Amino acid sequence: MILGMCIITFSIRFLSVFYSEKIILNKTTTKFFSLIPIAVLSSICAPLVFISENKIINPFVSLEFWTCVIAIVSLKFGSFLSVIISLSFYLIALFLIKAI
């Protein structure tokens, strides 16, 4: 799967650089290629949020799930602030949980 994602990502970049003036992609193809980074990021993040100790867990009791929710809600402030806010929430909550 990782090799396939590498091939797709590299081929997109190669084609866009090498044939940038010769190839014009239609809207459907452009939309398809724009969704690849989202799919890759989701496939990386989903196991971290929903699987713990090789078991699927209830996401509402997972700190990672609530961090994702805060990151999505705080996106209205911009990507950088969303990362800072969600990372701060995660670290503070993790510290509080470990202190108990």
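**A walk along helix H5**

Let's start on the surface, where Phe77, Phe80, Leu81, Ile84 and Ile85 form a nonpolar patch with about 500 Å² of accessible area together. Areas come from the Shrake-Rupley method with a 1.4 Å probe.

A word on the model: it is predicted, with local features needing pLDDT of at least 70 and side-chain atom pairs counting only at pLDDT 80 or more, while totals for chains, interfaces and linings use all residues. Residues are numbered from 1 along each chain, and side-chain values use heavy atoms, without hydrogens or water.

Now to helix H5, residues 79-99 (helices are DSSP runs of H or I, at least four residues, numbered from the N terminus). Its 21 residues reach 30 Å from first C-alpha to last, close to the 30 Å expected at 1.5 Å a residue (1.5 Å times one less than the number of residues).

Ser82, Ser86 and Ala93 are buried in H5 (under 20% relative accessible area; exposed is over 50%, partly exposed in between). They cover an arc of only 35° around the axis, so they sit on the same side of H5 (the arc uses directions from the axis to the C-beta atoms). The buried residues of H5 pack against helix H4 (63-73), with contact meaning heavy atoms within 4.5 Å. Turned away from that buried side is a face with exposed Phe80, Ile92, Phe95, Lys98 and Ala99.

Leucine 81, also in H5, is partly exposed at 41%.

Note on methods: Helices (H or I, at least four residues) and strands (E, at least two) are DSSP runs, numbered from the N terminus. Buried means under 20% relative accessible area, exposed over 50%, partly exposed in between (1.4 Å probe, protein chains only). Patches are made of residues with over 30% relative accessible area and no salt bridge: like charges are joined within 9 Å, nonpolar side chains (Val, Leu, Ile, Met, Phe, Trp, Tyr) within 5 Å. A salt bridge is a side-chain nitrogen of Lys or Arg within 4 Å of a carboxyl oxygen of Asp or Glu.
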